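Here's a quick tour for someone meeting this structure for the first time. Have a look at the sequence and the model below, then read on.

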Amino acid sequence: MNGLGVAHLTALELAPVSLVREARRAGFSAVGLRLHPVMPGAQAYPVAAGSQAMRELRAVMAGEGVRVTDIEFVSLTAQTRVADYQALLASGAELGATSLTVSGDDRDVARLTGNFAALCQLARDHGLRVDLEFMRWRPVATLQQACAVVMGAGQDNGGVLVDALHLFRSGGQVDDILRVNPHLLRAVQLCDAPLLGPADDLIIQEAREGRLLPGEGQLPLAQLLAALPGDLCISVEVPSAGLPATQRLQAAVQVTHAWLHDRRGLPAVQVAGHA
């Protein structure tokens, strides 16, 4: 194992420098960073390439021994102008990130696929992959829809991010993972939840503040990991309204490590690493 990563949403109230320090203190060795807001006005922490803030962040990362796995979050809409993300990608490259996470928020599939392809091409110049994350309440809501966009784009640095909660809340099953070309699947975010989802109007709330730690719910997470490629990046995404950020991070790493250790008889998984 290369250590465990944590998604920024787990402790989004922490700015990047604080997140890196607190994540390392808890026991994580990698973080995702929300450098771009999921929607206008939403919480995010832009860090410009070449800036003093970037130099400080990189120094803290080096001192703590923490790397950045992914940067987020770009919503691909009908109004998307791919060139607008040049600076974001430059920041990700300077941080040593592996990927940029995006969502599909355009019902025009051809336009969405074209924008995804163009963003992949721009990201390739910065050494980054682009991962499309599907969510039940967005136009790209399912694993199958996300795979169709990525395959349609035809870019070797395009992939699909599998969030365990989104997979099962969108009606997906472990068997669906086995039907996907494994080269499309490069990252997974772990959390747990009751098998039965909440009412439709509470789905977003559950995703943003009501997740459980791995092993504390009923999702078939062990079977999911066994079905996924063995070299994918693994991080924990467990936002919860019930604990302060530092306690949330500590609980996340302790419980997840214990749960991973107890996966008896299942194939080994490279945690928070990448091929």
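Strands here are DSSP runs of E with at least two residues, helices are DSSP runs of H or I with at least four residues, and both are numbered from the N terminus. Keep in mind that this is a predicted model: local features need pLDDT of at least 70, side-chain atom pairs count only at pLDDT 80 or more, and totals for chains, interfaces and linings use all residues. Residues are numbered from 1 along each chain as its sequence is written, and side-chain values use heavy atoms, with hydrogens and water left out.

**The barrel**

- Eight strands form a closed barrel in the order β1-β2-β3-β4-β5-β6-β7-β8, with parallel pairing. Two strands pair if DSSP finds at least two bridges between them.
- In general, strands of a sheet pair through backbone hydrogen bonds, either parallel or antiparallel.
- β1 and β2 run parallel and are joined by two bridges, with V6 opposite V31 in β2.
- β3 and β4 also pair in the parallel sense, over five bridges; here V74 stands opposite V102 in β4.
- Four bridges link β5 (residues 129-133) with β6 (residues 158-163), again in parallel, and D131 faces G159 in β6.

**Covered strands**

- How many residues of β2 are buried? Five of its five are, so to speak, under cover by the definition of buried (under 20% relative accessible area, with exposed over 50% and partly exposed in between, using a 1.4 Å probe and protein chains only).
- From β2, A30, G32 and R34 point one way while V31 and L33 point the other way, and all are buried.
- β4 is mostly covered too, with six of its six residues buried. On one side are S99, T101 and S103, and on the other are L100, V102 and G104.
- As a rule, side chains in a regular strand alternate between the two faces of the sheet.

**Helices over the strands**

- Helix α1 (residues 16-26) lies across β1 (5-6) and β2 (30-34), running at about 160° to β2. Axes are lines fitted to C-alpha atoms, for helices over the stretch in contact, and angles run from 0 to 180 degrees between N-to-C directions.
- In α1, the residues P16, V17, L19, V20, A23 and A26 are buried. The buried residues of α1 pack against β1, β2, α2 (52-64) and α10 (245-261), where contact means heavy atoms within 4.5 Å.
- Helix α3 (residues 86-95) lies across β2, β3 (67-76) and β4 (99-104), at about 165° to β3.

**Two loop residues**

- D105 is in the loop between β4 and α4 (109-124), and D105 counts as buried because its relative accessibility is 19%.
- The side chain of D105 makes polar contacts with the side chains of S75, at 2.5 Å, and R138, at 2.9 Å. A polar contact is a pair of N or O atoms within 3.5 Å; within protein, one must be able to donate a hydrogen and the other to accept it, and residues adjacent in sequence count only if both atoms are side-chain atoms.
- Beyond its neighbours within four places in sequence, D105 touches S75, L76, T77, A78, R138 and P139.
- P198 is in the loop between β7 (185-190) and α8, and P198 is partly exposed because its relative accessible area is 27%.
- Leaving aside neighbours within four places in sequence, P198 contacts R169, I203 and E206.

- The largest pocket holds about 250 Å³ of space. Its lining has 18 residues, of which L9, R34, V38, R138 and R208 lie nearest the centre.
- The elements giving two or more residues to that pocket lining are β3 and α8 (203-209).- A pocket is an open set of points on a 1 Å grid over the protein atoms alone, with protein on both sides within 12 Å along at least five of seven lines; a cavity is a set where a 1.4 Å probe fits but cannot get out, and lining residues have an atom within 4 Å of a point. Grid points are joined across faces, edges and corners, and a volume is the space filled by probe spheres set on the points.
- A search of the whole structure finds one cavity of 30 Å³ or more, and the largest cavity has about 110 Å³ of space.
- Lining the largest cavity are 13 residues, with T69, D70, A187, C233 and S235 nearest its centre.
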